[in-house]
Amino acid sequence: MTLRPYADRHPIPAALLCAGLQVGLTLLILALGKQYAPPEAYGKVKLLAFASTVILPLLLTHALGLWREVGFNRIRPTGFFAACLLPVLLFASMGVRLPAGGLGGDLLIQFFNAFGEELLFRGVIFLILLRLPLWQAITLNGLLFGSMHLIHGYMDGNWGHALVWALMSSCAGMMFAAARASTGSLWLLIGLHMILNLASMYSNIEAAAGALVLQRAEWAIKAVELGLALYLVAAASRRGALAQGTA
């Protein structure tokens with residue numbers, strides 16, 4: 001059985017396989033780098049691991065024949081997509097602090113980061129999971145996205161922080177999946193992901209009000225992200241019930 005028919009028949013194992021391939025490849029590169037690369041070259045090892053998060057999703061898209069479905073051919077903002085910009089506004093509510101060296105490097109890194117993660121999770125994996133009810137597809141997509149961030153526990157050795165990061169990333173992942181369902185566009189999701197990361201990086205909340213206020217703001221933002229995902233699922237379920245009632 002080839003990969004596409006397997007994904008059609010077994011969406012959850014196929015989604016786990018795609019996410020697991022990326023996590024496994026990234027960990028393998030990092031482990032080999034720690035073992036064989038000199039310490040001064042470990043930065044290049046991390047760069048190679050980062051590159052794999054773009055290359056593997058492209059290969060999976062091709063292997064599954066998803067180029068026409070993945071969302072590159074649509075840019076259709078919706079009211080729900082506009083609502084998903086609220087976390088960006090919350091991060092920027094006390095202003096932003098731009099780097100002295102300019103935005104160029106961060107913009108490039110965040111573009112490729114958002115491109116790879118969105119192509120894998122809201123492109124390939126979300127399309128696979130759409131064989132399931134929408135609420136399951138959005139929930140599983142977010143949890144898989146969050147679990148990928150446990151890699152930071154291996155990289156930094158702080159598994160407690162990595163677990164919190166994974167849970168918080170799951171909320172963002174569910175919102176991204178809901179926005180993908182609303183717009184059908186991958187480019188919009190790449191832009192949203194990129195802008196949200198930059199807003200988090202440059203937020204002035206901690207400098208203006210302290211670390212505790214920043215922590216509370218971050219949890220409030222996660223509540224907003226989760227709430228938006230729940231709203232989209234509820235709205236889709238209500239439309240489905242109305243359609244059945246008028247059939």
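This is a predicted model: local features need pLDDT of at least 70, side-chain atom pairs count only at pLDDT 80 or more; totals for chains, interfaces and linings use all residues.
Residues are numbered from 1 along each chain as its sequence is written, and side-chain values use heavy atoms, with hydrogens and water left out.

- Helices here are DSSP runs of H or I with at least four residues, numbered from the N terminus.
- Helix α6 covers residues 104–129, which is 26 residues.
- The expected span of a helix is 1.5 Å times one less than its number of residues.
- α3 has 22 residues and reaches 31 Å from first C-alpha to last, close to the expected 32 Å.
- α3 bends by about 25° at S52.
- S52 is also buried, and other buried residues of α3 include Y42, V45, A49, P57 and T61.
- Buried means under 20% relative accessible area, exposed means over 50%, and partly exposed lies in between (1.4 Å probe, protein chains only).

**The largest pocket**

- Rolling a probe the size of a water molecule over the atoms shows where empty space is left.
- A pocket is an open set of points on a 1 Å grid over the protein atoms alone, where a 1.4 Å probe fits and protein lies on both sides within 12 Å along at least five of seven lines.
- The largest pocket holds about 1200 Å³ of space, the volume being that filled by probe spheres set on the points, which are joined across faces, edges and corners.
- Its lining has 39 residues, and N113, E117, H149, H152 and W165 lie nearest the centre.
- Lining residues have an atom within 4 Å of a point.
- Elements that give two or more residues to this lining include α2 (11–36), α3 (42–63), α6 and α12 (211–246).
- The largest share, seven residues, comes from α9.
- By class, the lining has 20 nonpolar, 14 polar and five charged residues.
- Nonpolar covers Ala, Val, Leu, Ile, Met, Phe, Trp, Tyr, Cys and Pro; charged covers Asp, Glu, Lys and Arg; the others, Gly among them, are polar.

**Cysteines**

- A disulfide is a covalent bond between the sulfur atoms of two cysteines.
- The cut-off used here is a pair of cysteine sulfur atoms within 2.5 Å.
- A search of the whole structure finds zero disulfides.
- The sulfur of C84 is 13 Å from the closest cysteine sulfur, in C171, so the two are too far apart for a bond.
- C84 is buried at 1% relative accessible area.
- C171 is buried at 16%.

**Residue pairs**

- S170 sits in helix α9 and is buried, with a relative accessible area of 7%.
- The C-alpha atoms of S170 and G146 are separated by 4.2 Å, although the residues are 24 apart along the chain.
- G142 is in helix α7 and is buried at 0% relative accessibility.
- G142 and M174 are 32 residues apart along the chain, with their C-alpha atoms separated by 4.3 Å.
- R74 lies in the loop between α3 and α4 (79–83) and is partly exposed at 37%.
- The C-alpha atoms of R74 and G210, 136 residues apart along the chain, are separated by 41 Å.

Technical notes. The bend at a residue is the angle between axes fitted to the seven residues ending there and the seven starting there.
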